[in-house]
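Colleague: Before I use these labels in my notes, I would like to know where they come from. Can we go through some of them?

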Amino acid sequence: MNSFEIIRKAVEVLKIEADGITKLSERIDKNFSKMVELICDSSGRLIISGIGKSGIVGRKIVATLNSTGTRSLFLHPVEAMHGDLGQVSTGDVFIALSKSGETDELNILLPSIRRIGCKIIAFTGNTESTLANHSDIIIDVGVECEACPLGLAPTASTTALLAMGDALAVVLLEKKHFKSSDFKMFHPGGDLGQRLSGKIGDLVPSGKSLPRVADGATVTEAVASIEHGGLGTTVVLGPQNKLSGIITDGDIRRMVASGKSIAELRVEDIMTKNPRTLKADSPAYEALNMMEQHQITVIPITNSAGEILSILHLHDILGKGEFKFNGA
């Protein structure tokens, strides 16, 4: 492709995506208003779920909602079926994101969501789909075509989905009379900025015992260590205090869900080997970036010899009890 063709193609993509959003605006109807009223009248949280590219968009929508005064939570459909469904309560409102409306991992979740007592809203491009047929409110986010020339990679469809999420967040913001002072309360950039400008070693509490078990320990011993440590994790140590692995409460939950007997397993059977680590002199923002990128809340801190020094928890960065990003 020469320079002219590159520019022409880029403009074409932007026009396709802009056209998708424009046509989306033409389909806003009473269902959108019903959705806003339902969310405002709810005593619970707004739960958003999707998988693949829709899941990525869902996480961004949740971030926008939380920062503008609507308590929200992203729920991964697969993790939901293995314990995370316990985060959903009667009175919550559930929004399912799916272009086709036939995403098996998402649709299999709907009966359980219904039994809990949640209303279901579908953001889908197929208003005749399984998802749509099992929803109380349908929001049409369909586009005529993708910007991808093969029609395979979600492009215009994810842009439309994200735009609809922004529309919902802004309407809820105005209906709730959310003010700039409220926004600042949920974005304590000065306090958080000071924490992130320091080193990891400055954030880790001194004198705090490190939850640990040795190589070859039983999973029962690991569970006891996790419970005693209060961090939701324990490290597995080999000779010379070297880090062999890490076990989180999520690993325990998945093990139980798999049907395996806890009495038959050793820590090596379920631990994450060679986990991601950082050094005490690494910048704090590097830890937060790593946690966000890999969806983790704890990082072992080691020295240059691979010896474990401490564990950094997300609470150590944000300040436990000081930052409430979900508006609670």
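Modeller: We can start with the word "strand": strands are DSSP runs of E with at least two residues, numbered from the N terminus. The model is predicted. Asn241 lies in the loop between strand 7 and strand 8.

Colleague: What is the phi of Asn241?

Modeller: Asn241 has a positive phi of about 65°, although it is not a glycine. Gln240 is found in the loop between strand 7 (233-237) and strand 8. Gln240 has a positive phi of about 55°, and it is not a glycine either.

Colleague: Why is Gln240 called exposed?

Modeller: Exposed means over 50% relative accessible area. Gln240 has a relative accessible area of 61%, so it is exposed.

Colleague: And why is Asn241 called partly exposed?

Modeller: Buried means under 20%, exposed means over 50%, and partly exposed is in between. Asn241 has 29%, so it is partly exposed.

Colleague: Which residues of helix 13 are buried?

Modeller: In helix 13 (residues 249-257), the buried residues are Gly250, Asp251, Ile252 and Met255. Their cover includes helix 12 (219-229), strand 8 (243-248), helix 14 (267-270) and strand 9 (272-273). Just after helix 13, Gly259 takes a positive phi of about 90°.

Colleague: How do you know that the span of helix 1 is close to the expected one?

Modeller: The expected span is 1.5 Å times one less than the number of residues. Helix 1 (residues 3-25) has 23 residues, so 33 Å is expected. From its first C-alpha to its last, helix 1 reaches 34 Å, which is close to that value.

Colleague: Which residues of helix 1 are buried, and what covers them?

Modeller: The buried residues of helix 1 are Glu17, Gly20 and Leu24. Strand 5 (137-140) and helix 8 are among the elements that cover them.

Colleague: Where else does helix 8 come in?

Modeller: Helix 8 supplies three residues to the lining of the second largest pocket, the largest share. That pocket holds about 240 Å³ of space. Its lining has 18 residues, and Ser54, Ser98, Lys99, Ser100 and Ser157 lie nearest the centre.

Colleague: How many lining residues fall in each class?

Modeller: Seven are nonpolar, nine are polar and two are charged.

Methods: Residues numbered from 1 in each chain as written. Predicted model: local features only at pLDDT ≥ 70, side-chain atom pairs only at ≥ 80, totals over all residues. Heavy atoms only, no water. 1 Å grid on protein atoms, 1.4 Å probe; cavity = no way out; pocket = protein on both sides within 12 Å on 5 of 7 lines; lining within 4 Å. Points joined across faces, edges and corners; volume = space filled by probe spheres on them. Helix = DSSP H or I, 4+ residues; strand = E, 2+ residues; numbered from the N terminus. Nonpolar A, V, L, I, M, F, W, Y, C, P; charged D, E, K, R; others polar. Buried < 20%, exposed > 50% of the residue type's maximum accessible area, 1.4 Å probe, protein only. Contact = heavy atoms within 4.5 Å.
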